[in-house]
Amino acid sequence: MPIIKDGAVIDDPWLIIDDQEPVPVSQPVMVSLTRWQAERDALRGRNGMVGVRMQTTDLADEIADDVGHLDLIAIEFPAIGDGRGYSTGRLLRKRYGFTGELRAVGPLVRDVFLFLKRCGFDAVEARDDA
């Protein structure tokens, strides 16, 4: 799926790693919040960039103390009408001071991109037809 970041379509440099999969040494990796919480020290000590992929049920305060150690936080939107991701993104930016890439992931359509931007998202994993 294409990544739209700051208004441009870009190649995605991030590798999504399953919880049981080994983590490459230097490539930018995205792990689940569960894996981040279990392997925080090891992931912070690696040479490459680290991102976390949050589910809709994950709360912003679960990662608040770690935002300074993350280069990307991706928030999943399970459906177009599910607004919990907007709140999580806004909290991460405004309350917890996250300055890295904030990415929206899911079945999103072009009509919601402006609302995502207003909530602090700077990247969207868009559907091919969006």
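**A helix and its surroundings**

Modeller: I begin where the helix ends. Helix 2 is followed by Gly97, a residue with a positive phi, near 70°. Keep in mind that this is a predicted model.

Now the helix itself. Helix 2 covers residues 84–95, 12 residues in total. From its first C-alpha to its last it reaches 16 Å, close to the 16 Å expected at 1.5 Å a residue. Its buried residues are Gly85, Tyr86, Thr88, Gly89, Leu92 and Arg93. Viewed down the axis of helix 2, these buried residues fall within an arc of 165°, so they line one face of the helix. An α-helix has 3.6 residues a turn, so residues three or four places apart point the same way. On the other side of helix 2, Lys94 and Arg95 are exposed.

Next, the cover. The buried residues of helix 2 are covered by elements that include strand 5 (50–54), strand 6 (72–76), strand 7 (101–105) and helix 3 (113–118).

Tyr86 deserves a stop of its own. It is buried, because its relative accessible area of 17% is under the 20% cut-off. The whole structure holds 2 aromatic pairs. Phe77 and Tyr86 make an edge-to-face pair, 5.2 Å centre to centre, with 75° between the planes. Phe77 is buried too, because its relative accessibility is 2%, again under 20%. Ring pairs link Phe77, Tyr86 and Phe121 into a cluster.

Strand 6 has 4 of its 5 residues buried, so it is largely enclosed by the rest of the structure. Strand 5 and strand 6 run parallel and are joined by 4 bridges. Val52 stands opposite Ile73 of strand 6. Strand 6 also pairs with strand 7, again in the parallel sense, over 5 bridges. There, Ile75 stands opposite Ala104 of strand 7.

Ala74 lies in strand 6. It counts as buried, because its relative accessibility is 0% and the cut-off is 20%. Leaving aside residues up to four places away in sequence, Ala74 touches Met30, Val52, Arg53, Met54, Arg103 and Val105. Ala38 is another matter. Ala74 and Ala38 are 36 residues apart in sequence, and their C-alpha atoms are 18 Å apart in space.

A search of the whole structure finds 9 salt bridges. One of them joins Glu76 and Arg53, whose side chains meet at 2.7 Å, N to O. Arg53 is buried, because its relative accessible area is 15%, under the 20% cut-off.

Another salt bridge joins Arg103 and Glu101, with the closest N and O atoms 2.9 Å apart. Both Arg103 and Glu101 are buried. They belong to a network of salt bridges that links Lys5, Asp12, Glu101 and Arg103.

Asp41 and Arg44 form it, and their closest N and O atoms are 3.1 Å apart. Both residues lie in helix 1 (residues 33–44), 3 residues apart, about one turn of the helix. Asp41 is exposed, because its relative accessible area of 59% is over 50%. Arg44 is partly exposed, with a relative accessible area of 37%.

Most residues other than glycine have a negative phi. Asp6 has a positive phi, near 50°, and is a residue other than glycine. Asp6 lies in the loop between strand 1 (3–5) and strand 2 (8–10). It counts as exposed, because its relative accessibility of 55% is over 50%.

Back to the helix, then. Helix 2 has buried residues that line one face, and strand 6 is among the elements that cover them. Strand 6 in turn pairs with strand 7 and is joined to strand 5.

Note on methods. Residues are numbered from 1 along each chain as its sequence is written. This is a predicted model: local features need pLDDT of at least 70, side-chain atom pairs count only at pLDDT 80 or more; totals for chains, interfaces and linings use all residues. Side-chain values use heavy atoms; hydrogens and water are left out. Helices (H or I, at least four residues) and strands (E, at least two) are DSSP runs, numbered from the N terminus. The expected span of a helix is 1.5 Å times one less than its number of residues. Buried means under 20% relative accessible area, exposed over 50%, partly exposed in between (1.4 Å probe, protein chains only). The arc is that of the directions from the helix axis to the C-beta atoms. Contact means heavy atoms within 4.5 Å. Rings of Phe, Tyr and Trp (its six-membered ring) pair if their centres lie within 6.5 Å; planes under 30 degrees apart count as stacked, over 60 as edge-to-face and the rest as tilted. A salt bridge is a side-chain nitrogen of Lys or Arg within 4 Å of a carboxyl oxygen of Asp or Glu. Two strands pair if DSSP finds at least two bridges between them.
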